[in-house]
Amino acid sequence: MSETTGASYAAAGVDIEAGDRAVELMKEWVKKTQRPEVAGLGGLGGFAGLFDASALKRYERPLLASATDGVGTKVDLARQMGVYDTIGHDLVGMVVDDLVVCGAEPLFMTDYICVGKVHPERVAAIVKGIAEGCVLAGCALVGGETAEHPGLLGADDFDVAGAGTGVVEADRLLGPDRIRKGDAVIAMASSGLHSNGYSLVRHVVFDRVGWALDRQVEEFGRTLGEELLEPTRIYSLDCLALTRTTEVHGFSHVTGGGLANNLARVIPDSLHATVDRSTWTPGAVFDLVGKAGQVEQLELEKTLNMGVGMIAIVPAESVDAALTTLADRGVDSWVAGEITDRGAHTTGAELVGGYAR
């Protein structure tokens, strides 16, 4: 009779020791995100992240805001390129910039990283990017989960998701009820594609034209992969600075669905936002995707951000102060449109005219 070896977690593909090593490697990065409200309250590796809620006593009526998101199929580009320390910026941007739309200050985040096989250095690099993004957003990374799913994901496959919590004073809450006729629509430039529309982008560049990620693209001044992996710009602190320096009636985070659809989400039923395309020139990557894939303009606009990652809606008299604040913070911004009566318009927002060339 031959001897048999009993089943084990390791034999099933889960390496607990590798997971422990990943936690050790990521600790230094998570520590960099600490806010005063989390300092000294446990540490990485506990069952729950802690936040000292007594900090909310300074609010008259604090409203907690929460958001959760991922970065979609952009993770596959990171995998193909072997670059893991930027995708976390994308994750943080997707979460905290949803929070700030209502005027909320991001307080803390948690993350979820799912992998086919734990490569400790790779997981630590992902968390490094998340931590750096949290620093840019002014929030703490208080915990997370790394799950190993052998048999469901390939050894190099992974996905990331995150959730964030923020706070806003009740009487400072931003929303459609604050938007007024005559308000100006201020656009803030994106850093590129951000983290939306990558299923379309990947279909165009890989399936339609068959380009490799290491292909040098003259219009980009770098490789295709470097352009596509450009991290999402994080606007939360810039938006909060606007609320402190001038009157703001609303924000809109331009993500999946494009500029017009996301802007319409914050426009009341009686009003309409008109955005003039001639006020900016979309970056080269948008033109390339459109031409290479023969993608119609309206299809591009409902899928990609077209060079605008965040919108601020401010009273006309606040425009100069808003533009100055953003310029001082290094954010390229401009007046892109205005708020008018809804009239015969059937949607809350639309793009008009042609792009500047």
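This is a predicted model: local features need pLDDT of at least 70, side-chain atom pairs count only at pLDDT 80 or more; totals for chains, interfaces and linings use all residues.
**A helix, a sheet and the spaces between**

Helix H7 lies across strands S5 (184-189), S8 and S10, and its direction makes an angle of about 170° with S8. Seven of the ten residues of H7 are buried, so the helix is largely enclosed by the rest of the structure. The buried residues are Ser 236, Asp 238, Cys 239, Leu 240, Ala 241, Leu 242 and Thr 243. Buried here means a relative accessible area under 20%.

The next step is the sheet. Strands of a sheet pair through backbone hydrogen bonds, and the pairing can be parallel or antiparallel. The open sheet here has six strands in the order S8-S10-S5-S11-S9-S12, and its pairing is mixed. S8 and strand S12 (349-352) are the edge strands, each pairing on one side only. On average, neighbouring strands of this sheet are turned by 25° against each other, direction ignored.

S8 runs antiparallel to strand S10 (residues 308-314), and four bridges join the two. Within this pair, Phe 251 stands opposite Ala 312 of S10, while Ser 252 has Ile 311 as its bridge partner.

Helix H11 (residues 319-328) lies across S5, S10 and strand S11 (333-341), and runs at about 10° to S5.

His 194 is found in the loop between S5 and helix H5 (198-208). His 194 is not a glycine, yet has a positive phi of about 60°. His 194 is also buried, with a relative accessible area of 1%. Met 306 is in the loop between helix H10 (297-301) and S10. Met 306, although not a glycine, has a positive phi of about 60°, and at 6% relative accessibility Met 306 counts as buried.

What remains is the empty space. Rolling a probe the size of a water molecule over the atoms shows where such space is left. The second largest pocket holds about 320 Å³ of space. Its lining has 18 residues, and the closest to its centre are Gly 103, Val 168, Arg 172, Leu 240 and Thr 243. Strand S4 (158-169) and helix H7 (236-245) are the elements that give two or more residues to this lining. Leu 240 and Thr 243 were already listed among the buried residues of H7. By type, the lining of the second largest pocket has seven nonpolar, four polar and seven charged residues.

How many cavities of 30 Å³ or more does a search of the whole structure find? The search finds one. The largest cavity has a volume of about 60 Å³. The residues lining the cavity include Val 115, Lys 117, His 119, Asp 157 and Phe 158. Helix H4 (residues 120-137) gives the largest share of this lining, three residues. The lining of the largest cavity divides into five nonpolar residues, one polar and four charged.

Definitions and conventions:
Residues are numbered from 1 along each chain as its sequence is written. Side-chain values use heavy atoms; hydrogens and water are left out. On a 1 Å grid over the protein atoms alone, a cavity is a set of points where a 1.4 Å probe fits but cannot get out, and a pocket is an open set with protein on both sides within 12 Å along at least five of seven lines; lining residues have an atom within 4 Å of a point. Grid points are joined across faces, edges and corners, and a volume is the space filled by probe spheres set on the points. Ala, Val, Leu, Ile, Met, Phe, Trp, Tyr, Cys and Pro count as nonpolar, Asp, Glu, Lys and Arg as charged, and the others, Gly among them, as polar. Buried means under 20% relative accessible area, exposed over 50%, partly exposed in between (1.4 Å probe, protein chains only). Two strands pair if DSSP finds at least two bridges between them. Axes are lines fitted to C-alpha atoms, for helices over the stretch in contact, and angles run from 0 to 180 degrees between N-to-C directions. Contact means heavy atoms within 4.5 Å.
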